[in-house]
Amino acid sequence: MKDLIKKLVEAVSPSGYEAPIRQVIRAEVEPLADEVRVDNLGNLITRKGQRTAEGLKIMLVAHMDEIGVMATHIDEKGFVRFIPIGGVRPQTCPGGRVRFMNGAAGVIGAERIENLSKAPGFEQMFIDLGASGPADCPVRVGDIAAFDRPFLDLGKRLVSKTMDDRIGVAVLIESLRRLGTTPHELYFVFSVQEEVGVRGATVAAYGLEPDLGLAVDVTAWGDTLKVARMEVALGKGPAIKVRDSGMLADPRVVNWMVHTAESAGLPYQLEVLERGGTDAQAIQLSRAGVPAGTLSIPCRYVHSPSEMVDYDDVQHAVSLMLELLGNPVHLES
Amino acid sequence: MTENDEFVPGIEIEQLQLLERLCNACAVSGDEREVRTIVLEQVRPAADEVKVDALGNVLATRHGQGENRLRVMLAAHMDEVGFMLTNDEEDGIFRFDTVGGLDARQLAGKAVLVGKDHVPGVIGAKPIHLTTGDELKQTITLDTLRIDLGPGNSGKVKIGDRAVFATQFAHLGPSIRAKALDNRLGVASLIELVKHAPVNIDLLAAFTVQEEVGLRGAHVAAYALNPDVAIVLDSTPANDLPPYDAGEQGSENTRYNTRLGAGPAIYVADRSTLSDPRLIRHFVQTAEESGIPYQLRQPGGGGTDAGAIHKQREGIPSLSVSVPGRYAHSAAGLARLEDWQNTLKLVYAALTGLYSEILSVER
């Protein structure tokens with residue numbers, strides 16, 4: 001799976017501009033699926049299976065967009081001013097590199113910091129593409145870029161930009177690849193614009209009108225120094241979300257996931273996330289309401305250019321997905 | 001219908017007079033009746049169907065001709081920011097709240113018109129004679145401000161009435177100054193497009209309500225119209241002032257949002273929408289091929305009806321185009337007639353070249 005993960009994380013596709021990653025994913029899923037289509041906002045929607053008497057219509061979603069930056073002004077010296085697209089953390093930016101959709105690359109510089117106890121804001125930063133003025137700058141207002149950082153394989157741990165949420169994409173693709181028979185009509189949705197407000201999943205859920213929704217996304221961590229208190233650690237298995245700030249997961253969905261993991265002898269953790277949300281919240285509130293939950297991959301340093309996941313967690317997530325999707329679903333409170 | 005071939009979008013005395021009526025009308029979010037009345041009067045003779053929906057949006061349709069026509073929603077919000085009376089403190093003095101995004105620091109001393117009879121009043125300010133040195137350094141907050149209609153006039157209005165700035169429209173040579181240019185410029189443009197609808201599309205005009213309080217009218221209008229594509233016509237701030245005014249240290253204003261005189265502002269990204277890149281390309285290409293000036297609005301905050309429209313149903317490819325204007329959401333904005341005319345030209349030209357092929361490429 002590592003080759004697949006590397007391929008996915010290296011694609012440059014910030015929110016709203018997901019065409020490159022969609023092409024990569026499409027090449028993987030097209031031979032495996034019964035039907036593949038792209039909707040009005042660019043969501044890639046893949047169907048597998050037909051609903052049987054004991055099956056449901058299930059929407060599975062992992063978002064394919066990533067956080068990035070967008071040019072707002074090319075100044076007289078050729079420096080590119082920018083805004084964040086999605087939840088970019090300013091303290092992770094200076095010294096970082098970005099790559100625009102047209103291939104142009106640059107480094108993020110910052111003004112001299114007068115107050116060392118305060119991180120510079122985006123208005124104090126700029127992208128240096130080696131240009132000397134607007135005329136030779138390869139970027140113009142409105143161009144979008146993603147953070148540029150190579151994939152790093154530490155054996156048990158994997159590090160890269162955009163583990164959020166290409167690791168979820170990898171879990172869905174691998175689940176689709178290894179899926180045997182299923183009583184369900186499964187929609188594997190690779191969504192757009194999650195990082196700017198779960199916009200892609202909102203319209204995909206409206207269109208699919210599923211009986212059940214499950215997002216696969218990363219979650220935060222509680223196992224490094226002086227980090228927000230959280231009972232999630234890398235290597236202890238995928239996390240079954242109980243709540244985050246955008247959703248109270250359906251308790252029946254949580255129970256279904258917990259029972260399935262326990263029956264199969266798969267490791268799992270329960271996740272209570274203070275701040276953050278996933279596409280599942282959009283599914284839950286779609287139309288007349290949908291039972292929804294999230295399977296999370298614990299991920300350190302989320303929304304930095306070096307996000308770390310545990311490879312065992314990833315593989316256990318695939319195993320749990322196969323258990324969840326291969327059998328009839330009984331939602332019980 | 002043949003008039004379409006001959007139509008050259010332009011701003012003449014007729015369009016200016018209509019804009020003047022629209023700007024001087026009072027239509028704070030939730031009470032858009034005055035503007036709606038003008039819109040209905042203007043579009044009824046031209047449109048194939050006109051209806052007012054449950055929230056007060058005006059939905060006007062003009063059917064085109066030919067196969068595979070795109071159903072294009074064009075939206076412009078009718079409402080404006082303003083005030084609402086909340087407490088009667090007698091003798092013509094009222095507490096009030098703001099409706100939509102207004103800066104409380106800008107309100108003291110401004111003349112206002114209240115209620116459906118446009119009762120004149122003023123947001124009272126303490127005279128400089130009586131103001132202490134400490135007070136001069138303090139920000140004036142909303143709860144210290146009152147609308148004063150003068151003694152004996154309390155009975156002319158009631159709690160819940162809306163108020164607007166009393167600024168009257170002024171034509172200043174190549175510029176115009178008025179309240180509510182955001183978004184009567186869009187409304188006036190959309191009226192013009194309904195009157196001269198390109199025949200290659202089905203034009204679904206939505207004159208929306210309650211944009212300034214959260215894109216509420218557009219939300220339901222888009223659901224009802226269920227279009228293939230949406231174009232939002234609005235007005236966006238031009239902060240093209242010297243750098244000292246933009247709060248920058250250097251010699252360059254890097255946060256102008258848009259510039260007056262630089263043409264229609266095409267949106268790439270704001271807080272609520274990432275515009276459909278296919279539509280951005282189409283509008284930019286149209287402008288360049290037709291020699292119409294344009295600018296890309298600086299990506300950043302703010303939002304338009306597109307924020308509600310593009311997420312409706314199964315997703316609607318959307319783009320916003322704005323006329324730039326200085327001093328938005330204040331007592332008096334300033335815009336250039338040539339920017340308005342070029343906006344109308346660009347939107348008309350882009351619509352006449354808009355076919356279903358544009359959606360055959362994946363976003």
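Domain bounds, as used here, come from an automatic or database domain assignment. With those bounds, 31 Å separate the centres of domain 1 of chain A and domain 2 of chain A, taken over C-alpha atoms. The model is predicted, and its scores are ipTM 0.94 and pTM 0.95. For chain B the mean pLDDT is 95, with 97% of its residues reaching 70 or more.

**Domains of chain A**

- Chain A is divided into domain 1, made of residues 2-66 + 161-326, and domain 2, which covers residues 68-147.
- Where these two domains of chain A touch, domain 1 contributes twelve residues and domain 2 contributes 13 residues.
- The side of domain 1 of chain A that touches domain 2 of chain A consists, by class, of five nonpolar, four polar and three charged residues.

**Domains of chain B**

- In chain B, the division gives a domain 1 of residues 3-80 + 179-359 and a domain 2 of residues 82-165.
- The C-alpha centres of domain 1 and domain 2 of chain B are 31 Å apart, and the contact between them takes eleven residues from domain 1 and twelve residues from domain 2.
- On the side of domain 1 of chain B that touches domain 2 of chain B, there are four nonpolar, three polar and four charged residues.

**Contact between the chains**

- Chain A gives 26 residues to the contact and chain B gives 18 residues.
- On the side of chain A that touches chain B, the elements giving two or more residues are strand E4 (68-74), strand E5 (80-85) and helix H4 (199-208) of chain A, and H4(A) gives the most, with five residues.
- By class, this side of chain A has eleven nonpolar, ten polar and five charged residues.

**A helix pair in chain B**

- Helix H3 (residues 33-43) and helix H5 (residues 181-195) of chain B have axes that come within 10 Å of each other and cross at roughly 20 degrees.
- Because angles under 35 degrees count as roughly parallel, H3(B) and H5(B) are therefore roughly parallel to each other, and the crossing in which H3(B) passes H5(B) is right-handed.
- From H3(B), the contact is made by B:Val35, B:Val39, B:Gln42 and B:Val43, while H5(B) supplies B:Val187, B:Ile191 and B:Val194.
- Divided by class, the residues of the contact of H3(B) with H5(B) are six nonpolar, one polar and no charged.

Note on methods:
Residues numbered from 1 in each chain as written. Chains lettered and ligands numbered in written order. Predicted model: local features only at pLDDT ≥ 70, side-chain atom pairs only at ≥ 80, totals over all residues. Contact = placed C-beta atoms within 7 Å. Nonpolar A, V, L, I, M, F, W, Y, C, P; charged D, E, K, R; others polar. Axes fitted to C-alpha atoms, helices over the stretch in contact; angles between N-to-C directions. Helix = DSSP H or I, 4+ residues; strand = E, 2+ residues; numbered from the N terminus. Parallel < 35°, antiparallel > 145°, perpendicular 65-115°, else oblique. Left-handed = near helix turned anticlockwise from the far one by under 90°. pLDDT = per-residue confidence, 0-100.
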